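The structure is shown first, and the description follows.

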Amino acid sequence: MIEANYLVIGSGIAGLTFSVKIAEKFPGRNVVIVTKANEDESNTKYAQGGVAVVLNKEKDSFKKHIEDTLIAGDGLCDKEVVEMVVKEGPDRFEELMLWGANFDVDSSGEFDLGKEGGHSEYRVVHHKDITGFEIERALLKRAHQLSNITILPHHFAIDLVTNHHVKDLQSEDIACFGAYVFDQETGTIFTIKANSTLLASGGIGCVYGHTTNPIIATGDGIAMAYRAKAHIEDMEFVQFHPTALYQVKGESSFLISEAVRGFGAYLRNKKGHRFMLDHDERAELASRDIVSQSIDSELKKSGDSHVYLDCTHLDMEAFKNHFPNIYNKCLEHHIKIETDWIPVVPASHYLCGGINVDKNGKTTIANLFACGECTRTGLHGANRLASNSLLEALVYAHNIYKYHSANEYKSANVVIPDWNDEGTVIEKEHILLQHNLKQLQALMRDYVGIVRSNKRLKRAIKHLDLIYSEVEELYKESKITASLCELRNMVNVSHLIVTQSLERKENKGGYFNIDNVKK
């Protein structure tokens, strides 16, 4: 068993920001970061766009950023939270630079601000088109300089330790005492007992198969919190990125940033028709939900597998300078954007809902906090405004840090039993896992995609129940593997998305159900 003052599950911007701050403040306390892949593998690393932050008060204002966020959230944002996040943005951004993150400047030395769908002004700070990668690099570098931070890569958190694991605990209120963790390299399972635990475990993109997220985005933190009986909300609001590079084999897709449309690219169907003009007066610069739904309806009408992003009319030198990564990735796929259109398709990108937290990142379980994409803070409402997510992670990590600075969490006097896997065997039939995974992803794409219906959602529940019982049986009989745990987590997350979709009787933001359309 390892004992920690703070256990952090996840090593993206949310988990690392909190860890660095708390470790700097309390050199005598230890922080243990558990992350299931390499330490730098997270959704943060793949965030291309940037951080939305008001830096130019002459052209922009907090009021405009707040307004844009509220419009995207379609009436479901918590206005107080939106104001807090937007107004704290500049201070948190400054800290990132102090930790050594670099952002692009123009010829006059001012920040080169980008504009993305849904923003009324240029306010997105970026590092070329690999902003997240740059932030992750700077945060990891700082984390390694702090001797009281231990990072455990290739360690998978299986479940949170709560009351029902602990013997003789006479308390009605659910509390978290740490987690059971699987060391993927040695195959052993051990306990990390923590005074306070932070879930910073990222998104759920892989539930859909076609996703802009890395293959690790399987909703582990949300599923663990759900099994521990934390309150989970707004799971129906899955944001699909309108323009992922279309690849015949599917799986994790390369993201063609929103900023490319901000730069002036057009969306066209196979016939060359610029169809966004038929759907919204803002055309390609409409918010993500509208662009994704428009593409979805074009594809359903035509039966095509993808549409195209046309950049051929743009200033190519400026394009290459601004989007070198995207330009080169297209070349790798034999797409020369000077003359070729880029084949694109919507892919699951970001979850607006998640574990319910207050302004201090507190969940409904004592000693358990959550931050970043795995949470539902009230900032995004029914649809996230582009580049508000890195900002949210920075602000909430800071709030959780401030809360911990003012409130010391003592070690609980509880005895946590070791993980018991008696009677389990090593599963030789990997085909069962793969089969269920592929079935689950196809089910979510076909029945619970961009445009939903009650009939499809009800059918999805029936199919999900079958997958659930097979996966639970495997879980009880088999020795733990990361892929088995991930599949179990994805089944939980899918169940939450489907049931919460059925509960929503009004279309909002990123949620569209044809049965909710007023006849």
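## Terms and basis

In the residue classes used here, Ala, Val, Leu, Ile, Met, Phe, Trp, Tyr, Cys and Pro count as nonpolar, Asp, Glu, Lys and Arg as charged, and the others, Gly among them, as polar. The model is predicted: local features need pLDDT of at least 70 and side-chain atom pairs count only at pLDDT 80 or more, whereas totals for chains, interfaces and linings use all residues. Residues are numbered from 1 along each chain as its sequence is written, and side-chain values use heavy atoms, without hydrogens and water.

## Cavities

Spaces are found on a 1 Å grid over the protein atoms alone: a cavity is a set of points where a 1.4 Å probe fits but cannot get out, a pocket is an open set with protein on both sides within 12 Å along at least five of seven lines, and lining residues have an atom within 4 Å of a point. Grid points are joined across faces, edges and corners, and a volume is the space filled by probe spheres set on the points. Eight cavities of 30 Å³ or more are found in the whole structure.

The largest cavity holds about 720 Å³ of space. Its lining comprises 50 residues, with Ser42, Asn43, Thr44, Gly202 and Glu373 nearest the centre. Two or more lining residues come from each of H1, strand S6 (155–162), helix H5 (220–227), S13 and H11; helices (H or I, at least four residues) and strands (E, at least two) are DSSP runs numbered from the N terminus. By class, this lining has 19 nonpolar, 23 polar and eight charged residues.

The second largest cavity has a volume of about 90 Å³. It is lined by 13 residues, and Gly49, Glu116, His126, Ala259 and His322 are the closest to its centre. Three of the lining residues are nonpolar, six are polar and four are charged.

## Pockets

The largest pocket contains about 500 Å³ of space. Among its 18 lining residues, Asp296, Val345, Pro346, Arg445 and Ile450 lie nearest the centre. Helix H8 (288–302), strand S13 (342–351) and helix H12 (430–447) each supply at least two residues of this lining, which has nine nonpolar, three polar and six charged residues.

The second largest pocket, of about 380 Å³, is lined by 21 residues, of which Ile215, Thr218, Leu437, Glu486 and Met490 lie nearest its centre. H12 and helix H14 (482–503) are the elements that give two or more residues to this lining, and H14 provides the largest share, five residues. The classes here are ten nonpolar, eight polar and three charged.

## Helix packing

The axes of H12 and H14 come within 11 Å and cross at roughly 25°; axes are lines fitted to C-alpha atoms, for helices over the stretch in contact, and angles run from 0 to 180 degrees between N-to-C directions. H12 and H14 are therefore roughly parallel to each other, a term for angles under 35 degrees. In their contact (heavy atoms within 4.5 Å), Leu433, Asn436, Leu437, Leu440 and Met444 of H12 meet residues of H14 including Leu487, Met490 and Val491. This contact has ten nonpolar, three polar and no charged residues.

Helix H1 (residues 13–25) and helix H11 (residues 389–406) pack at about 30°, with axes 8 Å apart. That angle makes H1 roughly parallel to H11. Residues of H1, among them Phe18 and Ile22, meet residues of H11 that include Leu394 and Tyr401. The contact of H1 with H11 divides into ten nonpolar, four polar and two charged residues.

Note on methods. Parallel < 35°, antiparallel > 145°, perpendicular 65-115°, else oblique.
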